Amino acid sequence: MTEARFELIVLGAGPAGLAAAKAAADSGREVLVLDDNPLPGGQIWRGGPDQAPNARARAAFSALQHPRIAYRPGARLFAAPGPGTLLVELPEGGCRLGYGQLILATGARERFLPFPGWTLPGVFGLGGLQALAKGGYPVAGKRIVLAGTGPLLLAVADTLKARGARVLLLAEQAPLGRVARFAAGLVRHPAKLAQAVALKSRLLGIPYRCSSHVLEASGRERLERLRLSWGGEEGFIDCDYLGCAFGLLPNTETGQLLGCTLAAGAVAVDDYQQTSRPGVYAAGEACGIGGVDKAQIEGRIAGLAAAGRPEEARRLFPARAHARDFADRLAEAFRLEPALLRLARPDTLICRCEDVPLQALQSCSSWREAKLLTRCGMGACQGRTCGPMAETLLGFEPRGSRPPLQPVSLETLVSALSPTDPR
Amino acid sequence: MPEAVIAELPIRLNGETVRVPAGITVAAALALAGQQALRLSVKGAPRGPLCGMGVCFECRVTIDGRRHERACQRLVADQMEILTHD
Amino acid sequence: MQYDVIIVGGGIIAAALAESLALAGASVLVLEAQNAGAGVSAAGMGHLVVLDDNPAELALARDGLERWQRRRAVLPAGAEYRECGTLWLARDGEELAEAERKQARNRTLGLDCKLLGRAALYAAEPNLAPGFAGGLLRPDEAVLYPPAACSWLLANAQALGARLLEHCPVAELAEGGVRCADGREFRARAVVLAAGTASPELLPGLPLKPRKGQLAITERYPDLVRHQLVELGYIKRAHAATGDSVAFNVQPRATGQILIGSSRENEDTGAELNWPLLGEMLELAGSMLPALRQCRILRAWTGLRPATPDGLPLLGPVPGRTGLWLATGHEGLGITTALSSAALLAAQILGRKPELDPAPYWPQRFHQLSGSALHA
Ligand SMILES: Cc1cc2nc3c(=O)[nH]c(=O)nc-3n(C[C@H](O)[C@H](O)[C@H](O)COP(=O)(O)OP(=O)(O)OC[C@H]3O[C@@H](n4cnc5c(N)ncnc54)[C@H](O)[C@@H]3O)c2cc1C
Ligand SMILES: Cc1cc2nc3c(=O)[nH]c(=O)nc-3n(C[C@H](O)[C@H](O)[C@H](O)COP(=O)(O)OP(=O)(O)OC[C@H]3O[C@@H](n4cnc5c(N)ncnc54)[C@H](O)[C@@H]3O)c2cc1C
Ligand code: FES
């Protein structure tokens, strides 16, 4: 097995991770950036440097050229067997990595809510469909409905349209009043306003409906038709794809693995982005949903703080406060309507890995009991998809994830754990 | 200006050779070849990709003899052997 | 109200006992600190196997297996009962000779078994690494999913009138009853301590120690293995009373997943994984079944077996403590022996003659328990 030690390891090569790595490397630290995706960029710049959409993205990717930054794609952290040690699966096998400090920039995943038919092929996450499209998934000519909440609806519509998709409808669950107040509030965030206007104008022609959501997806073997509620009325739309999700959830598993305290479903951090574990920092969506501005600023703060430059980090606090203010407004404007929690029928699946329907969970009193008696959350995704739904729908308190963090081959596990080559 | 030439490479999909653009994910290559459903659930229902980012494990296929690989997290490679519904 | 019996604990041992007692008409109260069945009963392998280290272990395991076999048809699907058989692997001539001795013993006991030569072994398990000398097949042994079996037993007991209180830890064993952590008191003619490794907390001085074990489970790889595989070397390694050890122990689950065991540790009693030992255990498994090396491990976890110094459970009255009984100490065989232990103890509590000789399992065999040495 290979073993190596780094002053600083950054987990995640999205906006937060790249910014953190650059700030720390500019301050003289040797940095290793790990990311499980085949390409850097995280969710928003998923296609890697070749697909960088703008100058900002190109600037962020320049970090990977830094002489003090090493970058490993396809690297999956799966265990932290002791202080200062990580076990990682690399494409060539398992390895053990030592670190002095660690920055968690593990981003977010989407929040799903179950509705009848949501397991049909052709039903995707919202950002999920965007991510797939960025990876070459064919969308040209497809009739697509996008449903969910927040600005991501517009961003995804933009990506898909640019790739030739026929986006039929954007269904925003929040009522018009809240969305309008949010849009008006953007005046305090002029850059965001410019972005929003640019997007909107390109999207012109796609109906954008508030107080709208999918009631049911149907089709034989794959999605053919949707039943929707729009502003209180019901209707049907025939389509090929649905992109649907309801906001984002911080990826906290790595933080939990390391014993970091969580707060409100995110990794808790102090002013310098340090978690409850000394020397372990977190930045970006992992410590609270807030988008790319917040992610980059927090990344920079974490990188500077880890490199021992607290004064410089402090100078970024006002900008972070501004970004977090935007995040708070976003969360308030696009908070979920209660009706969304009542879409699942008794036979609607909650756990897609083990095919566990809602009714099987309703007789359980806790997440633990549900796991033991129904196998809910015991499948391949280890409750990443169904756990948050069970929490929202049934009030089950989630449990920390068990190692390995990701399914890892026996061979990899053994090689990462075997004693170091004496050579 | 001439259009950029997209490099293609051959992969083996359920035993048949198909040519797909380089640089795309396995999930994308499968969809291009008409395979939206990639696996059967434990009760036998067809399933395709959901999250697109390695979280949901709905896109599991067999790649080069290894089962349970996430198609959305892997890029296609020359002569890659992919089995769906395995 | 006064119950006939209060059972402290809600693991598989308690669940089986509650069912036996309720079936015999006793009024039963089961008090479980957390979720029933969520203790070590949710961590074990669920291999129903007759081990024959000594006659008492053999008698209890055999009776236990036969009781599960008889109830096979009525078990719920979730209990995942599968008669996959146990295949004992012999690595060399020495272990093959042991297999032959084991076969001879089994024959005299009337236990069905079949000696497999090299060719028959590889026909039965084509994915085994080359180099095994042969094996011994016990075709009627089985595996099940213990949490579901435990909850089924408790549901049966409840249908017969037993009462189950979950999230109700017992704080003290009082005279003629128990006091719970929330202050509630319950009274009964008999109290059975079946709290697994936590039992000494309520009865200090009990000769019972946790013996940690680790397991790992893979994603679904149907047909990679067909039998519960154990190595004949297992006995030698696992039952050494001191030191950490790993053994090859692989089980095909009804889901198509493969459950990989196992390890034994005496000193470490935390719930955390022992990574180096896990590495050793998995390396051993991969060396015996090379196809496993490519399989993805979904989860790994630990469990604490309630172990006594002589490896036999504590089933019977506590000397000097009227109305107090023990049902614990089943180490690595508590799933197999749950039903037999229950029958044996229920008969004694109800003043009937048990089918098995109860004496070898009586707590009084330990000097700590022989007089009035125990005070709550
Ligand atoms: C599906 C999706 C689509 C989105 N689309 C947009 C959009 O169009 N516009 C927008 O402004 N915002 C979008 N967002 C919000 C986006 O998360 C943020 O704007 C921004 O990308 C956050 O940066 P980050 O660095 O915190 O996280 P991310 O960009 O998510 O980066 C985290 C990285 O860490 C990696 N990682 C996580 N766990 C591990 C591990 N255990 N081992 C190794 N690597 C790991 C991940 O694979 C990922 O590459 C989207 C979010 C999601 C979930
Ligand atoms: C790795 C491993 C593999 C195994 N494999 C097998 C196998 O293949 N076959 C086999 O037969 N056996 C196997 N076993 C052994 C088997 O799991 C145990 O022997 C059996 O589960 C013991 O059951 P129990 O009811 O005594 O303990 P538990 O299930 O632990 O039950 C005790 C219960 O008491 C409760 N409790 C504790 N304190 C209190 C209190 N103060 N008040 C109220 N309740 C309390 C606990 O919460 C718990 O639920 C294995 C064990 C391990 C660790
Ligand atoms: S689509 Fe979710 S893991 Fe690939």
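This is a predicted model: local features need pLDDT of at least 70, side-chain atom pairs count only at pLDDT 80 or more; totals for chains, interfaces and linings use all residues.
Me: How far does a backbone N or O atom of A:Val292 lie from an oxygen atom of ligand 1?

Reply: Residues are numbered from 1 along each chain as its sequence is written, chains are lettered from A and ligands numbered from 1 in the order in which they are written, and side-chain values use heavy atoms, leaving out hydrogens and water. A polar contact here is a pair of N or O atoms within 3.5 Å. For A:Val292 and ligand 1, the distance is 3.2 Å.

Me: What share of the area of ligand 1 does the protein bury?

Reply: Accessible areas come from the Shrake-Rupley method with a 1.4 Å probe. Ligand 1 taken alone exposes 970 Å². Of that, the protein buries 91%.

Me: Why is the site of ligand 1 shared between chains?

Reply: A residue is near a molecule if one of its heavy atoms lies within 4 Å of it. There are 30 residues around ligand 1, with A:Asp36 among those that come nearest. The site is shared because the surrounding residues come from chains A and B.

Me: Which residue has a polar side-chain atom 2.6 Å from an oxygen atom of ligand 2?

Reply: Ligand 2 is surrounded by 34 residues, and the closest include C:Ser41 and C:Thr336. A polar backbone atom of C:His47 is 2.8 Å from a nitrogen atom of ligand 2. The side-chain contact at 2.6 Å, to an oxygen atom of ligand 2, belongs to C:Glu32.

Note on methods. A polar contact is a pair of N or O atoms within 3.5 Å; within protein, one must be able to donate a hydrogen and the other to accept it, and residues adjacent in sequence count only if both atoms are side-chain atoms.
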